[in-house]
Amino acid sequence: MREGEMKQVEGGETAYWTWHMAAGVAIFALLGLHMTTMHLGGLTGLFVAYPTEQAVSPANSHTRDASLFLTVVYILLLGLALYHGLYGLRTMLFELTLKPATEQAVTTALVVVGLLLLGFGTWAAVAAHQGAAYHIASPEAVYVGG
Amino acid sequence: MTFHILRYTPGKDTKPCITAYQVPLKLGMTVLDGLYYIKENLDPSLAWRSSCRMGVCGSCGMLVNGLPRLACNTQIKEVADTRVALGPLPNFDIIRDLVPDLTSMFDKHLEVSPFIQREDEVDINNPEGEYYQSPEDLEHYLQFSFCIKCGCCMAACPTSATDARYLGPMPLTQALRYNNDSRDGGAEKRALRIGSRHGVFRCHYAGECSRVCPKGVDPAKAIQLLKRQLVAGYLGLARRRKPCGKQGLNRR
Amino acid sequence: MNEKHYPNSLGIWGWLGGGRWGLERYAYVLHRLTGLGLVVYLLMHVFVTALRVKGIYLWTDGRFFDRPAFRVGEFLVFAAFAYHALNGLRLVLVELGLAVGRPLEPVYPYKSSIGVQRPLFIAMMALAALLLLAGGAEFLGLVK
């Protein structure tokens with residue numbers, strides 16, 4: 001390319017990167033909450049209904065699943081984490097000097113994988129929430145353990 | 001002092017190999033002085049680029065004991081006690097011995113249109129007066145205008161090591177140099193290439209470019225400031241600036 | 001490209017450090033490694049935790065993931081999160097041009113943005129170390 005020529009090149013990267021940064025900050029808060037619940041639950045008592053058990057025990061898990069707030073938080077965290085992580089993976093792959101067609105294929109593949117996982121994770125969170133809400137509403141129902 | 005130099009002669013060697021030379025050390029001797037000693041006394045076939053021998057032309061960039069440096073600017077005693085390892089700048093093809101092929105760097109430099117762009121082309125081609133610029137306006141881009149295009153930053157950059165299409169620290173710094181110049185109005189046009197898949201967002205602040213820059217240009221800082229400009233533009237927070245005129249000063 | 005020129009790109013070794021690189025470069029390498037690790041873990045984590053819909057809790061009371069090797073792995077994931085998150089916060093500030101300083105005329109000895117953001121880097125690493133201590137105490141069973 002010589003002086004004066006300006007190639008029309010693929011755009012959008014500014015937007016993707018800005019959301020990648022924003023997602024990172026949001027994940028810091030939400031994953032921080034998740035880590036505090038899972039690993040410092042005994043210390044903080046945060047979202048731990050049965051303090052004598054492990055924070056990750058089925059009973060404690062069950063109680064968190066019943067919470068609409070936490071279900072929404074987990075779905076949001078999943079979406080943000082998938083976007084942030086898969087964009088990061090895309091960044092690393094794009095720095096390996098791929099052909100433009102391969103770059104496009106990589107982007108498409110990552111978008112598909114991300115959407116599938118988000119869909120699956122959302123289904124699992126909603127199903128767990130509905131199941132837990134049912135069990136908490138009907139304590140006489142038998143709880144099937146692991 | 002032993003100089004271990006990576007030699008490569010096209011047409012004769014299939015791959016680069018190291019040749020050792022014994023160079024008598026004098027106080028104050030630079031790596032470039034050592035190379036001249038080798039060429040004049042030991043091996044006249046050794047090839048490298050140099051010109052000003054005082055750190056202003058950018059010709060003698062090479063790998064000195066693992067770091068890209070200017071040979072004329074590097075005192076031997078500063079980097080080694082007994083052994084100096086020299087190689088051509090990495091991330092560029094080798095033409096011969098210590099001579100890298102810098103064409104890719106200059107092509108990328110051209111991609112960011114490193115010149116003043118204004119809409120009034122008549123005035124650009126037939127200027128009738130000077131453009132006024134205050135000392136504050138100058139400070140916004142002066143640091144980045146000290147670049148001597150030596151290529152050391154490109155050699156040190158981890159992204160440039162694998163991504164052949166990445167613009168690299170020097171072109172991106174020069175893009176900011178012109179974006180920040182109050183006489184220039186070409187920031188939006190440059191944004192197309194700078195904000196592309198292999199533009200400014202492939203930098204992750206490893207900071208090596210600023211560590212090795214021999215002129216204190218701080219390309220790492222320039223690239224982050226460039227990202228800020230692009231993100232501000234995307235979020236609609238950018239202040240629109242018209243290029244400065246000929247009457248009075250254009251206050252930011 | 002001239003056929004006789006010899007290719008001389010560092011390739012992936014350029015990511016890992018070809019010489020005496022600086023602190024920020026190693027921080028960048030570790031940020032990439034922890035990021036990769038977290039992405040791989042996330043993909044597994046979504047499937048493992050989804051099993052609770054079927055009443056299967058693989059991580060509790062003698063189940064598949066309740067073994068010392070996996071507990072160590074879990075701590076490594078926590079450590080990766082602590083480092084990646086806090087270094088990431090530093091990078092958000094730096095890459096938005098907020099912690100790199102202003103353009104200034106270079107006067108030898110040159111000062112660069114690396115020195116400007118270094119205290120932030122140290123502070124973030126100190127916070128990461130604190131998080132690791134807290135997480136480590138939990139993993140060792142010193143706190144519940």
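Predicted model: local features only at pLDDT ≥ 70, side-chain atom pairs only at ≥ 80, totals over all residues.
Let's start where chains A and C meet. Find helix H4 (residues 68-94) of chain A and helix H2 (residues 23-50) of chain C: their axes come within 10 Å and cross at roughly 135°. What does that angle make them? Angles over 145 degrees would count as roughly antiparallel and 65 to 115 as roughly perpendicular, so H4(A) and H2(C) are oblique to each other. The crossing of H4(A) past H2(C) is left-handed.

Now zoom in on the residues. On the chain A side, H4(A) brings Leu78(A), Ala81(A), Gly85(A), Gly88(A), Leu89(A) and Met92(A).

Next, hop over to chain B, which splits into domain 1 (2-100) and domain 2 (103-234). The C-alpha centres of these two domains of chain B are 29 Å apart. Where they touch, 16 residues of domain 1 of chain B are in contact with 13 residues of domain 2 of chain B. Which elements give two or more residues to the domain 1 side? They are strand S3 (61-64) and strand S4 (67-70) of chain B. S4(B) supplies the largest share of that side, with four residues. By class, the domain 1 side has ten nonpolar, five polar and one charged residues.

Definitions and conventions: Residues numbered from 1 in each chain as written. Chains lettered and ligands numbered in written order. Domains from an automatic or database assignment. Contact = placed C-beta atoms within 7 Å. Nonpolar A, V, L, I, M, F, W, Y, C, P; charged D, E, K, R; others polar. Axes fitted to C-alpha atoms, helices over the stretch in contact; angles between N-to-C directions. Parallel < 35°, antiparallel > 145°, perpendicular 65-115°, else oblique. Left-handed = near helix turned anticlockwise from the far one by under 90°.
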